[in-house]
Amino acid sequence: MKLFRTTVAIVLPALLTLTCMEPILADTLTPNENLVVEGIPPIPASLVDTVKRYTEFRSAILSSWHPTQREMLISTRFANTAQVHRVRSPLGMRQQLTFFAEAPTGATYQPTTGEYFVFSRDTGGNEFNQNYRYDLATGEVTLLTDGKSKNSRGVWSTAGDRMVYTSTRRNGQDNDLYVIAPLNPQSNRLLLTVEGGGWSPLDWSPDDRQVLVSQYLSANESYLWLVDAHSGEKTLLTPKPGTEPVAYDGALFSGDGRGLYVISDRGSEFQRLSYFDLATRTYTDLTSQIPWDVEDFDLSQDGKLLAFVTNEDGRSVLHLLDTATRQEKPVPQLPPGLIYGISWHPNNKDLGLTLLTARFPADVYSWDVTTNQLQRWTESETGGLNTANFAEAELVRWKSFDNKTISGFLYRPPKRFTGKRPVIIDIHGGPESQSRPIFQGRDNFFLNELGVALLMPNVRGSTGYGKTFLKLDDGKLREDSVKDIGALLDWIATQPDLDPDRILVMGGSYGGYMALAVATHYSDRIRAAIDIVGISNFVTFLERTENYRRDLRRVEYGDERDPQMRDFLLRISPLNNASKIQQPLFVIHGKNDPRVPLAEAEQIVATVRNNQVPVWYLMAKDEGHGFAKKANFDFQFYATVLFVQQFLLKQEH
């Protein structure tokens, strides 16, 4: 099932768009018409020739099993964007079904006959997704939503005749629930009006009389509701227990409909899997022996087997539970990496999953639980490179300013690179997210060809380490996470093979804020910084981010309408400390970003230019919160390589 917390959100657009090249005129690369380029020197054709094969990685992600045939829909990219493909057998031909300029997402077969599937698609990265029906017999595509609002892709009813989804169409802010029969778009009806942008449907009861719904308030607080599928009347299942809120990270009805399987941190530091009896409102813990988060799960259609994945120090571990005995069953040994999107075929024996490791890009597998056979369904191209020798992720730890242990993943370059190696610190977004030991794609060029070490920290506020750790950067504790990077700089100086005098810090989204903040606090200890779709001023960010997400972000960062909090947010914002940035800066943003508006990039670029340091700026007119189109992402990477060569690799600055 798809959980509603946005951890690991990681990386999927990048995984799906790894490749492309623009025409070369004379001896330099020409940016396409959608790119605005300022301060970036011409990119030599020779650099493109050297780097290009590292941009030719592909990946594949499981989207949906066919309900009656042993075949599936996957998402992979052959051209500029990822598209929906059909695969009829393990390692069979990938038949492309969609051909859009924008990448479709969330394609799922109608769950009884599979004669059509429903998918979502936005415009230019604006995240105002619309839902569509794709008829397999004709290839015809039909719009199912209003074409203007933000819509979730939705959840199928048990009978397969309806979907429940959320939409902001009423006021542009609240995620109301709607029900539609995809074969009859005129059947669309409002089921429930709500307040807030954190509402999500999770599942239908086996008799389709009720819908299980999540209300997300923050990474530490959410609630589960039952909604009558006819009247829209809602009943709270999970009242607030005492003083400490609970985060519910996902839930499904049991096979008999008498209970729920629930992931929550109720009474625990970590997200545990429990059975919730609907009649008695009591819980039975199923994974209390595992001191890590359960992050994904799915129940077989007959209700007998529950597959789930735990996040153990960043690595995914697969489990299988017999729901009758509530005992675990043996699972195949998988390489260390990330497992996501687990999904049972209706035959109740094939479990589909997407697997990626530090050495191999994302690909789709199935596990037959009756024979214990693991089959590979896709084998994504790797640009002609042998990835078997790519660097594995090494888990490292260091003590921060308050003696708390912080961890991260270090990728070391090949041993042929001698002497102290320069370092790129790449900080994840969120902040409720986590760096994981995944395939680094094109960033392997830095390791294998330039001899640069990559270090992905999980500073306080990251998920995966318990709810106390998750809250350690909230509100006025914000800059404690920046101090974690200061402690990391100290740790790098103690490593015999890492060069503390050649460090570049970068990050995307919240990680972009972190890169800017590190550049203001530790400018004399880094060579350069790269800010990708990052926050430069918390107040202007909160005032301009899209309405449907503003209150959700206020819980994390603080409410800018409160005078004291506003003063604090202004005081720590990189924009108001930009005079301290004395090292080169590269700022990258999408014009249509609904999360971190473009103005966050424009204002930091304009201000830092006054410092008389190099400022590179790259903006894509047809992108949103990160570059998803291959042509744009390739140019971004070539420019990043040039930036690293000019400002990190030189022995003297």
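**Close-up views of aromatic contacts and a helix crossing**

**View A. An aromatic cluster.** Phe100, Tyr109, Phe117, Phe119, Tyr132 and Tyr134 form one aromatic cluster. The model shown here and in the other views is predicted. Across the whole structure, a search finds 31 aromatic pairs.

**View B. Phenylalanine 586 pairs with tryptophan 616.** The two rings sit edge-to-face, 5.6 Å centre to centre, with 65° between the planes. Phenylalanine 586 belongs to strand β39 (residues 585-590) and tryptophan 616 to strand β40 (residues 615-620). The pair links distant parts of the chain, 30 residues apart. Both phenylalanine 586 and tryptophan 616 are buried.

**View C. Tryptophan 616 also pairs with phenylalanine 643.** The ring centres are 5.0 Å apart and the planes lie at 75°, so this pair is edge-to-face. Here strand β40, with tryptophan 616, is linked to helix α11 (residues 630-647), with phenylalanine 643. The two residues are 27 apart in the chain. Tryptophan 616 has a relative accessible area of 2% and is buried. Phenylalanine 643 is buried too, at 0%.

**View D. Helices α5 and α6 pack against each other.** Helix α5 covers residues 478-493, and helix α6 covers residues 510-521. Their axes are 10 Å apart, at an angle of about 70°. The two helices are therefore roughly perpendicular. Their crossing is right-handed. From α5, the contact uses Arg478, Glu479, Ser481, Val482 and Ile485. From α6, Tyr510, Tyr513, Met514, Ala517, Val518 and His521 take part. The contact residues divide into 7 nonpolar, 2 polar and 2 charged.

Technical notes. Residues numbered from 1 in each chain as written. Predicted model: local features only at pLDDT ≥ 70, side-chain atom pairs only at ≥ 80, totals over all residues. Heavy atoms only, no water. Axes fitted to C-alpha atoms, helices over the stretch in contact; angles between N-to-C directions. Helix = DSSP H or I, 4+ residues; strand = E, 2+ residues; numbered from the N terminus. Parallel < 35°, antiparallel > 145°, perpendicular 65-115°, else oblique. Left-handed = near helix turned anticlockwise from the far one by under 90°. Contact = heavy atoms within 4.5 Å. Nonpolar A, V, L, I, M, F, W, Y, C, P; charged D, E, K, R; others polar. Phe/Tyr/Trp six-rings, centres within 6.5 Å; stacked < 30°, edge-to-face > 60°. Buried < 20%, exposed > 50% of the residue type's maximum accessible area, 1.4 Å probe, protein only.
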